[in-house]
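I set out to record, entry by entry, what I looked up in this structure. The entries follow below.

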2 protein chains.
Amino acid sequence: MTDDSKYRIHFDELEKFIKDVLMAKGVEEPDAARCAKVLIQADKQGMDTHGIQRLKTIYCDRIDCGQLNTKTVFDIVKETETTAVVDGHNGMGHSIAMQAMQLAIDKAKKHGMGMVVVRNGTHYGIAGYYPQMAAQQGCIGFSGCNARPSVCPCWSVEPKLGTNPLVFAFPSDEGFPFCLDCATSIVQRGKIEMYAREGKKCQPGWVCDRSGKVLSEPGPMLEAFQKGTAACYPLGGYGEEMGGHKGYGYACDVEILSSALSGANFLSQCGGLRDGKKVPIELGQFFMAINIESFRPLADFEKQVGDIARELRAAAKAPGATRIYTPGEKEHETFLERSKKGVFIPEVTRSEMEKLRADCKLDTKFPWDN
Amino acid sequence: MTDDSKYRIHFDELEKFIKDVLMAKGVEEPDAARCAKVLIQADKQGMDTHGIQRLKTIYCDRIDCGQLNTKTVFDIVKETETTAVVDGHNGMGHSIAMQAMQLAIDKAKKHGMGMVVVRNGTHYGIAGYYPQMAAQQGCIGFSGCNARPSVCPCWSVEPKLGTNPLVFAFPSDEGFPFCLDCATSIVQRGKIEMYAREGKKCQPGWVCDRSGKVLSEPGPMLEAFQKGTAACYPLGGYGEEMGGHKGYGYACDVEILSSALSGANFLSQCGGLRDGKKVPIELGQFFMAINIESFRPLADFEKQVGDIARELRAAAKAPGATRIYTPGEKEHETFLERSKKGVFIPEVTRSEMEKLRADCKLDTKFPWDN
């Protein structure tokens, strides 16, 4: 095995670099700090497609081309004791989202429940960050967002829905939240990009082209996505036999929760293009918190969640299966491992980081320098 | 085509029969009326596995063997402005659930949001009934419940989770709610029973036995369920390649929302058996309402939901596909058709209805009498 330790970077250094880059791009300090916190959390938990690997391609590039405002204003346009509507004005998505979830949590702590919706929001990183904020504060957290069209409705071949995550987080007595953080499609583009980098074939049944042909080579798949002629199938796959109408329905639920309460863009409006020119993507998001103590002592709730996790893990295994995981468990184990070893940075990301360091005139030292 | 009109029965007659049977079994009038309303709704919307076909096998048989209390007490054990915990004492599930959802709606109308959880609840029929109550009253509705173990965790072969529906309903400007009402597994047992009656083979990949073998003959499948040696796969199927960990995760979310806030039974505790004897099944349920006007004028919300539905239906169709539906649309069309024609009652259900009429000494006339 090769020694990859010089390509690993510790959490704090990586977080500081992300923050420094964003500040150099014009993002204000508190907003840059929030964005860095969410991005590094993806790297901490092994959700590699949503952390440092996107700093340049999603956030910096969008700032550079004017799709993303560095000036972030958390603008509450309507508010009641348990609810709020926020206009994000296309500012930094993570910062708006963190503030929105904290507002929902504060309302829940006072009134039992809280829900905050955002319009003109922008890409907010891993959806799971926000429900986990709630779980750390004694609440059930629930969040989702719409996204650029990449998923087809059941019986369609046209990308209409986003990958629309639907994410709950629950505190447990195990020291990490019970949390499934994923798209409502079978896969999302990040996974296909990963397969392309690794030279792997994709499972047939993930993605189709406009003629309905199922694709499996990641290269042509990504090209077709670029042209808007490929679509991810919703969870459950093509048609109804394996439940494709269910994944489609969950994606719709997220589309509505994300957009219809706030008047945010929906479906094809989220494409980020107008007359062939890039414009802000203007997404919708929702953040809900439920105060557990309003129902039951927190410790009792946490024990029950832990008991559920432990019973699930003890279920009879399928032949060849070595272990049954519960949602959030793999992410927690990755976190423990990377806390010691740091985050491995692949070559293409290292070049991006070096380029950002130069562009932003930072004096950051990377472990692989020299 | 044969004339089946004499096997069709109109909504009001069928609803009255259900109510009369339950009252003859000892259920009090308001509770029997609520149960009948939910059961007939399944028949109205074409969810045939959850209406009259279950009156005998699920509800009357459980009353007869003491698993279900005919005396229904809606017992609020803890309450705040937005939340409540209800003990259902194994009374009639639909009645408890309707009252719980109405309480959540009332709280939402006053405070923006409401959530009511139930412990010692019993089978409440179609999950979609309750969110649709909210949608009819200007709210987003959200409900789910746990159920007898029939679904295996990802990488397992042991039924641990219930079919755990996760159901939202949204009012729309189209005159019927946008609502996906379904299990978080690929299929539920009712569908397999239907295939068995129709002599059809099941799709491989829905169900496995304890050795991990995928079953496809509905007969042996149902026998294996009876013995507890079959399990439905979660939405996404076996393993992680097609997203089985996602369906599994959603089922877990429902298990926790349904049980951990109220201290209800969970997983194997929901089996309804103790020392080989039938005992109350004692489920957990949750009911949430979100008042739309707290965020935005209701008409604007409804128009946006309608616009989303209309854009989805207009998406490019897959080769061979004739139409793209949105959640709740097929159910609404069935409702319109059956409003005129009535509900077709299959032979086995006709015999059950005749037997119930005799047992309960009712003088109901069925259209197929003589």
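**Entry 1: A partly exposed arginine**

I began with B:Arg119, which is partly exposed at a relative accessible area of 25%. I take buried as under 20% relative accessible area, exposed as over 50%, and partly exposed as in between (1.4 Å probe, protein chains only). The model is predicted: local features need pLDDT of at least 70, side-chain atom pairs count only at pLDDT 80 or more, and totals for chains, interfaces and linings use all residues. Residues are numbered from 1 along each chain as its sequence is written, chains are lettered from A and ligands numbered from 1 in the order in which they are written, and side-chain values use heavy atoms, with hydrogens and water left out.

**Entry 2: Salt bridges within the chains**

I counted a salt bridge where a side-chain nitrogen of Lys or Arg is within 4 Å of a carboxyl oxygen of Asp or Glu. Over all chains the structure holds 54 of them.

B:Asp87 pairs with B:Arg119 in a salt bridge, with the closest N and O atoms 3.6 Å apart. B:Asp87 is in strand S3 (residues 83-87) of chain B and B:Arg119 in strand S4 (residues 113-121) of chain B, so the pair ties together parts 32 residues apart in sequence. Helices (H or I, at least four residues) and strands (E, at least two) are DSSP runs, numbered from the N terminus. B:Asp87 is buried, with a relative accessible area of 9%.

I next noted the salt bridge of B:Arg313 with B:Glu174, whose closest N and O atoms are 2.6 Å apart. B:Arg313 lies in helix H9 (residues 298-313) of chain B and B:Glu174 in the loop between S6 and S7 of chain B, so parts 139 residues apart in sequence are tied together. B:Glu174 is partly exposed, at 23% relative accessible area.

**Entry 3: The interface**

How many residues of chain A are in contact with chain B? I found 96 residues of chain A in contact with 96 residues of chain B, contact meaning heavy atoms within 4.5 Å. The area buried between the two chains is about 7800 Å², and carbon and sulfur atoms give 67% of it; buried area is the accessible area (1.4 Å probe) that two parts lose on being put together, summed over both.

Four salt bridges cross the interface of chain A and chain B. B:Glu240 forms a salt bridge with A:Lys330, the closest N and O atoms being 2.8 Å apart.

**Entry 4: Helix H5 of chain B**

Is this helix buried or exposed? Seven of the eight residues of helix H5 (residues 129-136) of chain B are buried, so the helix is largely enclosed by the rest of the structure. Among the buried residues are B:Tyr129, B:Pro131 and B:Met133. Their cover includes helix H2 (29-44), helix H4 (93-111) and strand S13 (283-291) of chain B.

**Entry 5: Positive phi values**

Most residues other than glycine have a negative phi. B:Leu267 has a positive phi near 45° and is buried, at 1% relative accessibility. B:Lys361 also has a positive phi, of about 50°, but is exposed, with a relative accessible area of 75%.

A:Cys182 is in no disulfide, the nearest cysteine sulfur, that of A:Cys179, being 9.1 Å away.

Key: A disulfide is a pair of cysteine sulfur atoms within 2.5 Å.
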